[in-house]
Amino acid sequence: MTVSVQGDELTMQLGPKEQRFSLRHYDGDTFSYRTTGENAVGLSGVTFTVGSGGRADKVRVENLDTTGLGTFTRE
């Protein structure tokens, strides 16, 4: 997973095909994105955990975390 800013838009890239999704602010450190493909569930939450240095240390993608594979830690 890669999160970046493109112009004035926050985006994330996921998976081996590096699919790009726009993140829309919801509240605080939580954003949403629209899922696509055969496993689409509509909107899903993306929540950032910000560490003491003010940088996001972790991010949880709600629809991927139903199987425990949706929490990503910064390297």
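Colleague: Phe 31, buried or exposed?
Modeller: Buried. This is a predicted model, and in it Phe 31 has 16% relative accessibility. The cut-off for buried is under 20%, so Phe 31 qualifies.

Colleague: And Phe 48, buried or exposed?
Modeller: Phe 48 is buried as well, at 12% relative accessibility.

Colleague: What does Phe 48 touch, beyond residues up to four places away in sequence?
Modeller: Seven names to note here: Val 3, Leu 23, Asp 29, Phe 31, Ala 56, Lys 58 and Val 59.

Colleague: Let's switch to aromatics. How many aromatic pairs are there in the whole structure?
Modeller: A search turns up two.

Colleague: Is Tyr 33 buried or exposed?
Modeller: Tyr 33 is buried, with a relative accessible area of 3%. Phe 21 counts as buried too, at 9% relative accessibility.

Colleague: Back to Phe 31 and Phe 48. Why is their pair edge-to-face?
Modeller: Because of the angle: the planes are at 85°, and over 60 degrees counts as edge-to-face. The ring centres lie 5.6 Å apart.

Colleague: How far apart in sequence are the parts it ties together?
Modeller: 17 residues. Phe 31 is in strand E4 and Phe 48 is in strand E5, so the pair bridges those two strands.

Colleague: What is Phe 21 in contact with, leaving aside neighbours within four places?
Modeller: Leu 10, Thr 11, Met 12, Leu 14, Tyr 33, Arg 34 and Thr 36. Take Thr 11: its C-alpha atom is 5.5 Å from that of Phe 21. Those two residues are ten apart along the chain.

Colleague: New topic. Which residues make up the largest nonpolar core?
Modeller: Ten residues do. Phe 21, Tyr 33, Phe 31 and Phe 48 are among them.

Note on methods
Residues are numbered from 1 along each chain as its sequence is written. This is a predicted model: local features need pLDDT of at least 70, side-chain atom pairs count only at pLDDT 80 or more; totals for chains, interfaces and linings use all residues. Side-chain values use heavy atoms; hydrogens and water are left out. A nonpolar core is a set of buried Ala, Val, Leu, Ile, Met, Phe, Trp, Tyr and Cys residues joined through side-chain atoms within 4.5 Å. Buried means under 20% relative accessible area, exposed over 50%, partly exposed in between (1.4 Å probe, protein chains only). Contact means heavy atoms within 4.5 Å. Rings of Phe, Tyr and Trp (its six-membered ring) pair if their centres lie within 6.5 Å; planes under 30 degrees apart count as stacked, over 60 as edge-to-face and the rest as tilted. Helices (H or I, at least four residues) and strands (E, at least two) are DSSP runs, numbered from the N terminus.
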